Amino acid sequence: MSIRIIRKGNDPVLRQIAKPVPRVTPAVHKLLDDMAQTMYDAEGIGLAANQIGILKRLIVIDVGDGLVELINPEIVEMSGSQVGPEGCLSLPGIHGDVERASHVKLRAWNRQEETVEYEADGMFARCIQHEVDHLNGILFTDYLKPSEIVYENRQGSDTR
Ligand code: NI
C-alpha cells in the first residue's frame, strides 16, 4: 500500500467525470488499498479516486463504523433533507453548510464484483453524496454562495 498525493483546489482532475470500472482486477484492489491508506493518513472520512488523480468510479468511506469500499456506486433513491457542515480533503481550510438528502439507497460492487446495497442516513448518507459528486466533477462549494464559505485559520475539518 502507498499513500497517494491528494489533488487540491483548481486541479482539473477534480472537475472531470470518472469512468466506470469494467472489471475488478488486482490493480483495482491495490487502488482501493491506497485510497484507504491515503484517506486515513489525511484523517478524512471519505475519498473518491478523482482526488488522487484517477478517473475511475471508486470511493472509500469510513464515518466511524469501519471501511466501506464502493466500486461503480449508484445512488438509486434519495429522500428527506438535512443541512450540515462539510469540508473536503481537496479544499483544505474551508467548510460550509450544505443541504443533502437525509436518506439514500446506494448500489455498488464489492471487491468480488458482487452487487451490494446500502441504506444510509445522517453522516453516512451525506458522505456518500459528497463522494459520488466527486466522481461527477462536483465539489461541495458548488452548492454554496461565496458568502456561505467559511475560511478556517487551522485545518480542522477537511475530512472528505
Ligand atoms: Ni471531498
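Okay, some ground rules. Residues count from 1 along each chain as its sequence is written, and side-chain values use heavy atoms, without hydrogens or water. Since the model is predicted, local features need pLDDT of at least 70 and side-chain atom pairs count only at pLDDT 80 or more, while totals for chains, interfaces and linings use all residues.

Let's start with the strands, which, like helices, are DSSP runs numbered from the N terminus (helices are H or I, at least four residues; strands are E, at least two). Strand E2, residues 58–61, pairs antiparallel with strand E3, residues 68–79, over four bridges; to pair, two strands need at least two DSSP bridges between them. Isoleucine 59 has leucine 70 as its bridge partner in E3. E2 and E3 make a hairpin with six residues between them, and glycine 64 in that turn has a positive phi of about 115°.

Glutamate 43 isn't a glycine, yet has a positive phi of about 55°; you'll find glutamate 43 in the loop between helix H1 (26–41) and strand E1 (46–48). Glutamate 43 is exposed, at 66% relative accessible area. Here buried means under 20%, exposed over 50%, and partly exposed in between, using a 1.4 Å probe and protein chains only.

Glutamate 113, in the loop between E6 and E7, also has a positive phi, near 65°.
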